[in-house]
Amino acid sequence: MEVRKHQKVTSRNAVFADKITTRIWQERPSESNPYIAAGNCCHGYDLIELMQQKSYVDMFYLLFRGNLPSSDERQLLEQLMVGFINPGPRHPATRAAMNAGVGKSDPQNILPISLTIMGGEHLGAGAVEGAMRFMRKHRKENPADTAESMLTERVEQRPKEGDWHIAPGFGSHFGGVDLMPSKLAAVLAKLPGSGSMLDWGTRFSSALNKEGMGWLTVGVAAAVFADLGFHPRYGAGLFQLLSAPGLLAHGMEQANKPITAMPFLSDKAYVIDYE
Amino acid sequence: MSSIMNKPDTLLWDQQRNKIVSKKGGWFVGDGVYCHGYDMMDELVGKVSYMQVVMLNVTGKLPARHVADWFEAAHICLSWPDSRIWCNHIGALGGTMRASALASTVAGVLATDSRAYGVKPLKEGVVFIQSAVAALESGLSVEEIVLNECEKHGGKPYIMGYARPIAKGDERVPTMELVAKELGFPVGEHLKLAYEIDRELLARFNEGMNINGYMSAFLSDQHFTSEEVYRICTMLVASGVSACYVDMRDRPAETFLPLRCDDIDYQGKPHRTL
């Protein structure tokens with residue numbers, strides 16, 4: 001075999017930053033201890049003043065967007081946060097939380113466990129960025145035309161079994177149209193703060209209904225995030241944040257119950273089929 | 001409204017309610033524990049290596065011992081106890097924060113689902129070398145394969161598995177080559193092409209193959225798919241993360257790279273009033 005000459009390992013002398021930089025948070029050191037903060041500001045606003053005068057939703061928006069929301073933006077975000085606070089006890093991420101809870105996993109691990117599962121691409125945070133990009137890409141098209149052409153062009157992609165998500169954020173759920181996302185979208189779309197993305201998505205969803213598809217939860221959240229001006233890369237984490245309270249609540253509900261409080265299938269119901 | 005809308009077909013889900021049909025195995029109380037047709041207690045425990053079982057669980061096939069030994073060596077080769085490395089840094093932060101060893105190690109491992117480093121790029125590396133072999137078989141030259149790939153990145157040598165951040169060259173490649181040689185593996189068509197790409201890139205850009213490129217080509221020669229490689233390597237960095245966790249867990253809290261307030265360079269808006 002030919003003897004290979006290996007490249008000598010040398011440093012590229014890449015220039016890394018001397019310090020961490022941030023535009024979000026400023027900590028003013030105390031006079032006596034430089035490790036202790038005497039005051040904090042978020043995008044220039046004093047944290048104590050924010051606590052006293054602003055809502056959690058205001059603060060949430062400020063943290064990510066750099067400015068306080070308008071009243072319309074606040075209302076839209078707040079209603080989205082209420083609507084999406086709990087994926088419900090059947091959602092796989094919630095079930096992961098409940099499983100961790102009833103299994104007596106350390107309470108501090110329940111949320112990370114369930115949020116990790118919530119990162120999935122099927123009705124989870126992993127689908128949100130794609131949905132935001134999809135709507136941004138097609139927003140200038142007539143949504144009914146887009147739906148028709150996709151139904152025609154992608155018909156071969158329809159899976160032989162299981163749900164078909166014809167586009168990120170849209171598709172069937174358990175074989176049919178998911179009702180709650182459409183109801184949530186309808187409420188949000190009536191708000192003055194809602195924008196073109198939610199409107200486009202609603203019309204696209206309607207055009208898919210005849211084929212048993214429509215809004216998925218992740219699509220609605222993606223549309224509102226886009227209307228609020230969030231960059232698509234933020235979508236996954238925002239979706240996780242919105243669903244975190246519900247995940248934790250369900251996990252903790254099970255945490256104080258005996259390990260027998262959730263089903264553990266009998267051997268009869270557990271089948272090994274290597275084929 | 002079509003019939004789809006009126007009466008959704010839920011048979012797929014109805015069939016799965018209240019039962020689990022496993023293609024992998026399971027535990028039957030008082031009978032035994034089964035894994036891909038093997039009785040785990042009688043046929044696997046103490047008789048095959050841990051990596052063989054990891055690979056069995058991913059691929060459904062029990063690999064030859066020397067293949068699993070190569071994978072095990074790769075796990076040693078790709079996880080170092082240096083807390084500057086991003087995933088290990090997370091482990092160290094867990095230690096200094098007094099998070100649990102398990103949570104910190106899992107957090108560090110999770111970080112390697114990254115576009116920039118870690119386990120996920122292995123998928124792309126395998127896809128590249130397998131498509132490159134297909135391109136070679138279709139008549140493209142090595143030079144054309146390299147230039148076509150570089151063209152996707154503005155003419156720069158950004159090919160998954162070649163070049164490397166922070167350093168030029170990769171000390172892990174000769175080490176794993178030696179492991180492969182000692183285990184008796186020949187150089188297959190993917191690795192042969194990878195070496196030719198390496199030569200081409202060195203000549204044109206002074207950039208060579210990194211460990212991703214070597215592993216991707218070697219494992220392609222062993223007929224692994226990109227997804228199998230990714231799945232087998234999920235815990236690739238775990239030992240290094242654990243080491244960095246322990247290093248900081250056994251010292252006073254918050255002593256891992258402590259930051260003073262002025263160690264953060266605030267570049268945002270000046271103070272303003274509500």
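Predicted model: local features only at pLDDT ≥ 70, side-chain atom pairs only at ≥ 80, totals over all residues.

Let's start where the chains meet. How many residues of chain A are in contact with chain B? The count is 63, and they touch 65 residues of chain B. Together the two chains bury about 5,300 Å². Of that area, 59% is on carbon and sulfur atoms. Three residues stand out on the chain A side: Arg4(A), Gln7(A) and Arg12(A). They supply 14% of the area chain A buries against chain B, more than any other three residues.

Now the polar side of this interface. There are 29 residue pairs in polar contact across it, both residues at pLDDT 80 or more. Several elements of chain A give two or more residues to the side touching chain B. Among them are strand 1 (10-11), strand 4 (37-42), helix 1 (47-53) and helix 5 (107-118). Which element gives the largest share? That is strand 3 of chain A, with five residues. By class, this side of chain A has 24 nonpolar, 20 polar and 19 charged residues.

How many salt bridges are counted between chain A and chain B? One. Arg12(A) forms a salt bridge with Glu207(B), and the closest N and O atoms are 2.7 Å apart. Remember that Arg12(A) is also one of the three residues supplying that 14% of buried area.

Over all chains, the whole structure has 21 salt bridges.

In chain A, look at Arg203(A) and Asp199(A). Their side chains meet in a salt bridge, 3.3 Å from N to O. Both are in helix 9 (residues 196-208); because they are four residues apart there, about one helical turn separates them. Arg203(A) is partly exposed, at 43% relative accessible area. Asp199(A) is partly exposed too, at 38%.

Chain B has a pair in helix 11 (residues 189-205), Lys192(B) and Glu196(B). These are four residues apart, so they are separated by about one helical turn. Their side chains meet at 3.3 Å, N to O. Glu196(B) is partly exposed, with a relative accessible area of 23%.

Next, helix 13 (residues 226-232) of chain B. Arg231(B) and Glu227(B) lie there, four residues apart, about one turn of the helix. The salt bridge between them is 3.4 Å, N to O. Arg231(B) has a relative accessible area of 45% and is partly exposed. Glu227(B), at 28%, is partly exposed as well.

Chain B also holds a network of salt bridges, linking Arg164(B), Asp170(B), Glu171(B) and Arg172(B).

Is Ser220(B) buried or exposed? Buried, because its relative accessibility is 4%, and the cut-off is under 20%. Ser220(B) lies in helix 12 (residues 211-221). Its side chain reaches the backbone oxygen of Ser216(B) at 2.7 Å. Beyond its neighbours within four places in sequence, Ser220(B) is in contact with Val126(B), Ile129(B), Gln130(B) and His190(B).

Glu254(B) is exposed, at 63% relative accessibility. It sits in the loop between helix 14 (238-249) and strand 6 (264-266). Its C-alpha atom is 4.9 Å from that of Thr96(B), 158 residues away along the chain.

Last, the domains. The assignment for chain B gives domain 1 (24-56) and domain 2 (120-232). Their centres, taken over C-alpha atoms, are 34 Å apart.

Technical notes: Residues numbered from 1 in each chain as written. Chains lettered and ligands numbered in written order. Heavy atoms only, no water. Buried < 20%, exposed > 50% of the residue type's maximum accessible area, 1.4 Å probe, protein only. Polar contact = N/O pair within 3.5 Å; in protein donor to acceptor, adjacent residues only side chain to side chain. Contact = heavy atoms within 4.5 Å. Domains from an automatic or database assignment. Buried area = accessible area lost by both parts, 1.4 Å probe. Salt bridge = Lys/Arg side-chain N within 4 Å of Asp/Glu carboxyl O. Nonpolar A, V, L, I, M, F, W, Y, C, P; charged D, E, K, R; others polar.
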